[in-house]
Amino acid sequence: MTTTAVSKRRIDMPAVLAWFVVAMVVVGLFSRIFQPDLGVMDIPRLAICLAILAIAGVRYELGFMRNWVGDLILGLVTAISAWLLVTTVSNHQGDAALGFWALTAATWAASWLFVERLAIWKTRSPLSTRIINLAIPALFGISILVLWEIIVTGAGVPKVLLPAPSEIGVRLATSVPILWADFQQTFMKAVLAGYAIGCGSAFVAAILVDRVPFLRRGLLPVGNLVSALPIIGVAPIMVMWFGFDWPSKAAVVVIMTFFPMLVNTVAGLAASDAMQRDLMRTYASNYWQTLFKLRLPMAMPFIFNALKINSTLALIGAIVAEFFGTPIVGMGFRISTEVGRMNVDMVWAEIAIAALAGSLFYGIIALIERAVTFWHPSVRG
């Protein structure tokens, strides 16, 4: 197949999205917006929303201003449209009709079109490129939150099933002392302590496995067995052994993080090839010199891979362990308690804090990895 044929078959996604925006605007124009019988012209806010979406869709459909100025205008139009939809639907909870959902779909398509255009921007400044790379996932996340808010409010979803992001935000703002205490108990005590002990002990065990050959056959199968133990079975035992406070949760985290670190470190220590090890022997290097100057640097990508995996496993393990006995503080305790009280907005607030903490923890480790493994092709590329 020739290059010309491939290019002809390639879908012009901006054009498709622009056509979709125009089609949804037409549907919104001739359909009911809210029950029982409200049209788009009966609500000035949504009439403005329909107009600016129509202009943006037609402009991109005809190919006008497909440059960075036009892209910024499209982003502004999408933001205004989303704001008009959110502020309007709050006064008509549960009454959204076909026309409103058509305008919502048009706004979503416009945001997709904006991100699609933003992704192909080319800049000469590394700082600008980095800002764009950060803006794309941020805008995508914001668009999901806006869509969540519109759907939950417009469809009248009960709060006990799924609260709106605005309600979760209010709960976050009004429960800072409780959330901070839970964060300290779960993350700063159980997660960090268990993560450090689990990863550190696994690293030392990996050195021993590499140094003592029979441990490779004896310790690795045992580690595999321990990693397969279910959390819901281990957590109550750890509570009986170490008490109800954070040490029992840290013990669960140690069990969860030990084996991934062990396996990855052992694999990393074997990453250097025979020619490199022979070269070190020609320099009269002993085992420890070869380990620190060749094998550990070669193993760093594997080690950091385990550290990144364990950063999320540790938080999950600590939260789940708190379901089986804990003082009256902690993320897992709060989630299990507030679910029983039907305070689902508080549950989602705890989930948001846990997700943010896990993401930041992962990001910090990834930044350290880039600094340590700057020589690796994946970082240099």
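This is a predicted model: local features need pLDDT of at least 70, side-chain atom pairs count only at pLDDT 80 or more; totals for chains, interfaces and linings use all residues.

User: Why are helix 7 and helix 15 called roughly perpendicular?

Analyst: Look at the crossing angle. The axes of helix 7 (residues 165-174) and helix 15 cross at roughly 75°. The label roughly perpendicular covers 65 to 115 degrees. The angle falls in that range, so helix 7 and helix 15 are roughly perpendicular to each other.

User: What makes the contact of helix 7 with helix 15?

Analyst: Helix 7 brings E167, I168, R171 and L172. Helix 15 brings D345, M346, W348, A349 and I353. By class, that contact has 6 nonpolar, no polar and 3 charged residues.

User: Why is helix 8 called oblique to helix 14?

Analyst: Again, start with the angle. The axes of helix 8 (residues 176-211) and helix 14 (residues 331-340) cross at roughly 130°. They come within 8 Å. Roughly perpendicular ends at 115 degrees, and roughly antiparallel needs over 145. The value sits between those limits, so helix 8 is oblique to helix 14.

User: Which residues make that contact, and how do they divide by class?

Analyst: From helix 8 come I178, D182, F183 and T186. From helix 14 come M331, G332 and R334. The classes are 3 nonpolar, 2 polar and 2 charged residues.

User: Now the pockets. How do you know what kind of residues line the second largest pocket?

Analyst: Check the names against the classes. The lining is L172, V176, L179, W180, F183, F187, I353, L356, A357, L360, F361 and I364. Ala, Val, Leu, Ile, Phe and Trp are among the residues that count as nonpolar. The tally is therefore 12 nonpolar, no polar and no charged. The pocket holds about 200 Å³ of space.

User: Which helices supply at least two residues of that lining?

Analyst: Helix 8 and helix 15 (344-372) each do. Helix 15 gives the largest share, 6 residues.

User: What makes up the lining of the largest pocket?

Analyst: There are 21 lining residues. T78, A82, I142, S143 and V146 lie nearest the centre. Helix 4 (68-89), helix 5 (98-119) and helix 6 (126-155) each give two or more residues. The largest share, 8 residues, comes from helix 6. By class, the lining divides into 14 nonpolar, 6 polar and 1 charged. The volume of the largest pocket is about 410 Å³.

Methods. Residues are numbered from 1 along each chain as its sequence is written. Side-chain values use heavy atoms; hydrogens and water are left out. Axes are lines fitted to C-alpha atoms, for helices over the stretch in contact, and angles run from 0 to 180 degrees between N-to-C directions. Helices (H or I, at least four residues) and strands (E, at least two) are DSSP runs, numbered from the N terminus. Angles under 35 degrees count as roughly parallel, over 145 as roughly antiparallel, 65 to 115 as roughly perpendicular and the rest as oblique. Contact means heavy atoms within 4.5 Å. On a 1 Å grid over the protein atoms alone, a cavity is a set of points where a 1.4 Å probe fits but cannot get out, and a pocket is an open set with protein on both sides within 12 Å along at least five of seven lines; lining residues have an atom within 4 Å of a point. Grid points are joined across faces, edges and corners, and a volume is the space filled by probe spheres set on the points.
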